[in-house]
Amino acid sequence: MMGAQLKLALVMLPSHLLSQLIGTHLSPTDLVLTPNLIAVALTPTEPNALCPVCGQPSDDVHSRYRRLLADLPICGRQLALILSLRRFFCLNAGCRRHIFCERIPALAAAHARSTTRVAHLHRTLGFALGGEPGSRLAAELAVPTSADTILRRVKCTAPQKLGAG
Ligand SMILES: [Zn+2]
């Protein structure tokens, strides 16, 4: 490897295994390894998506876009998921949303740049260590983020009842 990118044939990594590991209805289309990063390109396997406003399914694709998500590391290497997602026309004439973006709620919140798994880890680091120390440990764990992001994740956590349980 010696710093050069090594592209693996997908036959070396069974796609169903990777889909199970990632935990949602996405199929791998490409895989790139570098000394510090594993990048996996994924595309949805579902032919349609639900409108987030009216809930009606649509298979009428308007356009496609890419979304990059940081996921938990593999063997000490950062893991980046490159999602090829779709925008759909809502087929419900009475719906106020005409075009909507495909969402993967099992993987990440809308507009998030990391998976829910990574957000949970950052929040845990924030509760245990605070912003700056949490950020330094996150970098060591191959899930780098800023101290501000860690503190924001802590602040967004709903307060729990003290003495419950
Ligand atoms: Zn709709």
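Helix α2 and helix α3 cross in a right-handed sense. The model is predicted. Helix α3 also passes helix α4, again in a right-handed crossing.

**α2 against α3**

- Helix α2 covers residues 116-129, and its axis lies 8 Å from that of α3.
- The angle between α2 and α3 is about 135°.
- From α2, the contact draws on His 122, Leu 125, Gly 126 and Leu 129.
- From α3, the contact draws on Gly 131, Pro 133, Gly 134, Leu 137 and Ala 138.
- By class, this contact of α2 with α3 holds five nonpolar residues, four polar ones and no charged ones.

**α3 against α4**

- Helix α3 spans residues 131-140, and helix α4 spans residues 147-155.
- Their axes come within 8 Å and cross at roughly 115°.
- Helix α3 is therefore roughly perpendicular to α4.
- The α3 side of the contact consists of Gly 131, Glu 132, Gly 134 and Ser 135.
- The α4 side consists of Ala 147, Asp 148, Ile 150 and Leu 151.
- The contact of α3 with α4 has three nonpolar, three polar and two charged residues.

**Residues of α3 in both contacts**

- Gly 131 and Gly 134 of α3 take part in the contact with α2, and they also take part in the contact with α4.

Key:
Residues numbered from 1 in each chain as written. Predicted model: local features only at pLDDT ≥ 70, side-chain atom pairs only at ≥ 80, totals over all residues. Axes fitted to C-alpha atoms, helices over the stretch in contact; angles between N-to-C directions. Helix = DSSP H or I, 4+ residues; strand = E, 2+ residues; numbered from the N terminus. Parallel < 35°, antiparallel > 145°, perpendicular 65-115°, else oblique. Left-handed = near helix turned anticlockwise from the far one by under 90°. Contact = placed C-beta atoms within 7 Å. Nonpolar A, V, L, I, M, F, W, Y, C, P; charged D, E, K, R; others polar.
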